[in-house]
Amino acid sequence: MSQRHLICSQLLVVAMAVSLTAVAACRPVADPVSMALERELKAQSRPMAIFVVSVEGSAAAATGLADAETGRAMTVDTPVRVASVTKTLVAATLLRLWEQHRIDLDAPIDSLLSPKLENLLRNDGFDTRRITIRHLLGHSAGLDSYSSDDRFREAVLAEPRRIWTPEDQVRLTMEYADPLGAPGKAFHYSDTGYVLLGDIIVRLTGLDLATAVRRELRLMKLPLNATWWESLEVAPPSAGPRARQYVDEVELTNVHPSIDLYGSGGLVMSARDVAIFFSALFSGRIYDRPETLQEMLRPGQHEGAERYRLGIFAKRIGDQDLYCHGGVWGIMACYSPSTRTAVAGVTTHRDAYDPLIDIVQATAIRSQPKRDR
């Protein structure tokens, strides 16, 4: 089937029982929108893929090679490491647990964390009785991020196949920086905070992180054909090889996934799958109650809360709100409530991230593929 046609003819059997967005996810794409996207992508110097899901239909475009050595083309179904886009799914999992009254978002984390992790925090001056799950979700716990320190990057490049543990990454954070402020005071983006959240999910559910996220979010009910938690799950039979991914011309495709695995990242997805998930999240197919999504999007009281809610960035372009999350290697996903459109884009090179963000955001706020007549 051409990448300009949507997946899952079998989903039509159940689509009548779900939302209009789900029905739209199985309609043929709107060629004019796909053609316009293709023109935009071909003007870029790096491989890219964009997938659009709206209530009116879907669109897809891709250009360049996912693997220059083999000549394999980039498509909307090409899997990539989505890095921090994983945070949106981790946050959604905790909100599902909150929705089911299995967790209090304002509960302190001292008794929820593994003792090793809790001890690392406490011994470095963090009062884990004052840090809550909500603080971690909104990056307001006063934690720095192990991944933003040049020393971690140097260590990764020196030993690309090293297996890192959550304890390693939290310990490095404690070594690299002291607390950045009191909990609940200010936004400080922290991969470390989401490593802690991943640990909490594992302890609360009694499942490994990949299984817990998949079950709580009911991902098996969505037509995700190229989504798996790297090294924790086996890739679906329908998934092709991952694209080669680069940062500053350095290929990081085969760096061990444990550098970003335990909640701050870890998922492999395609542009199509990311867009389908974002559409499902905002159209009522992940949570049981609309109030749960409202809680996810409600701004906190801390400095910088207008920028980041619970697991998702918020911004306003013109008169339209956008909810987005990106991944550092070149992934961006956005949802526009005004157009009811989800857009996900991927690129193989970090230096193409800024133009990719512009294309994804512009498409989300202006794009409504026309219904196939």
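Q: What makes a residue count as buried in this predicted model, and what share of the protein is buried?
A: A residue is called buried if its relative accessible area is under 20%. In this predicted model, buried residues make up 60% of the 373 residues in the protein.

Q: How much accessible surface does the protein have, and what part belongs to carbon and sulfur atoms?
A: The accessible surface comes to about 15,300 Å². Carbon and sulfur atoms account for 51% of that surface.

Q: Why do β2 and β10 count as edge strands?
A: The sheet is open and has six strands in the order β2-β1-β13-β12-β11-β10, paired antiparallel. β2 (57-63) and β10 (313-317) each have a single partner strand, so one side of each is left without a neighbour in the sheet. From one strand to the next, the twist averages 15°.

Q: Why are β11 and β12 called paired?
A: Pairing requires at least two bridges between two strands. One of the residues involved is Y323, whose bridge partner in β12 is Y335.

Q: Which strands does helix α11 lie across, and what is its angle to β13?
A: Helix α11 (residues 271-282) lies across β1 (48-54), β11, β12 and β13 (341-347). The helix runs at about 155° to β13.

Q: What share of contacts joins residues at least 24 apart?
A: Contact means heavy atoms within 4.5 Å. Among contacts between residues at least 6 apart in sequence, 71% join residues at least 24 apart.

Notes. Residues are numbered from 1 along each chain as its sequence is written. This is a predicted model: local features need pLDDT of at least 70, side-chain atom pairs count only at pLDDT 80 or more; totals for chains, interfaces and linings use all residues. Side-chain values use heavy atoms; hydrogens and water are left out. Helices (H or I, at least four residues) and strands (E, at least two) are DSSP runs, numbered from the N terminus. Axes are lines fitted to C-alpha atoms, for helices over the stretch in contact, and angles run from 0 to 180 degrees between N-to-C directions. Buried means under 20% relative accessible area, exposed over 50%, partly exposed in between (1.4 Å probe, protein chains only). Accessible areas come from the Shrake-Rupley method with a 1.4 Å probe; for residues, only the protein chains shown count as cover.
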